[in-house]
Amino acid sequence: MQRYESFENPLAGGLQSFGSQDDGRLSSGNQQFGTALYDFTAGGDDELNLTAGEEVEIEYEVDGWFYVKKKRPGRDGKMAGLVPVLYVNQS
C-alpha cells in the first residue's frame with residue numbers, strides 16, 4: 001500500500017510539492033483550449049463536473065486526464081479540476 005502526503009497528487013505518478021511548477025505542462029507558454037464533448041460528473045474531490053459544449057482552458061495532462069480551468073464556476077462552485085481526456089476536444 002502506498003501512502004501519499006497531503007499535497008501529493010496520486011495521479012501525477014510522483015512526488016510533487018504544493019505550488020510546484022514542474023507539473024508536465026502541455027506547452028511552454030501557449031494556452032490550450034478545448035470544448036467538452038460530453039457531460040461529465042465528477043467522481044472525486046479533484047475532478048470537475050463538465051457540461052457538453054462548455055469551453056475550458058487545458059493546463060496539463062496526466063495519465064489520461066486533463067487538468068482544466070472553467071471560465072465560470074459550475075453549480076458546485078468549482079473552477080478547476082481533472083476531467084478525462086476523451087471528454088474534451090482540443091482546439
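1. Is Ser 91 buried or exposed? The model is predicted, and in it Ser 91 has a relative accessible area of 68%. The cut-off for exposed is over 50%, so Ser 91 counts as exposed. Ser 91 is found in the segment after strand 5, which covers 88–90.

2. Ser 91 also has partners from elsewhere in the sequence. Leaving aside neighbours within four places in sequence, Ser 91 is in contact with Phe 33 and Gly 34. Between Ser 91 and Gln 32 there are 7.2 Å from C-alpha to C-alpha, although the two are 59 residues apart in sequence.

3. On the chain as a whole: the secondary structure consists of five strands and zero helices. Read from the N terminus, the order of elements is β-β-β-β-β. The chain has 91 residues, of which 25% count as buried. Its accessible surface is about 6,400 Å², and carbon and sulfur atoms account for 47% of that. Taking contacts between residues at least 6 apart in sequence, 45% join residues at least 24 apart.

4. On strand pairing: strand 2 (residues 55–62) pairs with strand 3 (residues 65–70) in the antiparallel sense, over six bridges.

5. Lys 69 has Ala 80 as its bridge partner in strand 4.

6. Which residues make up the largest nonpolar core? There are twelve: Ala 36, Phe 40, Leu 48, Leu 50, Val 56, Ile 58, Trp 65, Phe 66, Val 68, Leu 82, Val 83 and Val 88. Strand 2, strand 3 and strand 4 are the elements that give two or more residues to this core. Strand 3 gives the most, with three residues.

7. Val 83 belongs to that core. Not counting residues up to four places away in sequence, Val 83 touches Phe 40, Leu 48, Leu 50, Gly 64, Trp 65, Phe 66, Val 68 and Val 88.

8. On the aromatic rings: a search of the whole structure gives four aromatic pairs. One of them is Phe 40 with Trp 65, whose ring centres are 6.2 Å apart. Their planes stand at 70 degrees, and over 60 counts as edge-to-face, so this pair is edge-to-face. Phe 40 is in the loop between strand 1 (32–36) and strand 2, while Trp 65 is in strand 3, so the pair links distant parts of the chain, 25 residues apart.

9. Phe 40 has a relative accessibility of 11%, so this residue counts as buried. Phe 40 also forms an edge-to-face pair with Tyr 87, at 5.4 Å centre to centre and with 70 degrees between the planes. This pair too links distant parts of the chain, since Tyr 87 is in the loop between strand 4 and strand 5, 47 residues from Phe 40.

10. Tyr 87 is partly exposed, with a relative accessible area of 27%. Ring pairs join Tyr 38, Phe 40, Trp 65 and Tyr 87 into a cluster. Of these, Phe 40 and Trp 65 are also listed in the nonpolar core.

Technical notes. Residues are numbered from 1 along each chain as its sequence is written. This is a predicted model: local features need pLDDT of at least 70, side-chain atom pairs count only at pLDDT 80 or more; totals for chains, interfaces and linings use all residues. Side-chain values use heavy atoms; hydrogens and water are left out. Two strands pair if DSSP finds at least two bridges between them. Helices (H or I, at least four residues) and strands (E, at least two) are DSSP runs, numbered from the N terminus. A nonpolar core is a set of buried Ala, Val, Leu, Ile, Met, Phe, Trp, Tyr and Cys residues joined through side-chain atoms within 4.5 Å. Buried means under 20% relative accessible area, exposed over 50%, partly exposed in between (1.4 Å probe, protein chains only). Contact means heavy atoms within 4.5 Å. Accessible areas come from the Shrake-Rupley method with a 1.4 Å probe; for residues, only the protein chains shown count as cover. Rings of Phe, Tyr and Trp (its six-membered ring) pair if their centres lie within 6.5 Å; planes under 30 degrees apart count as stacked, over 60 as edge-to-face and the rest as tilted.
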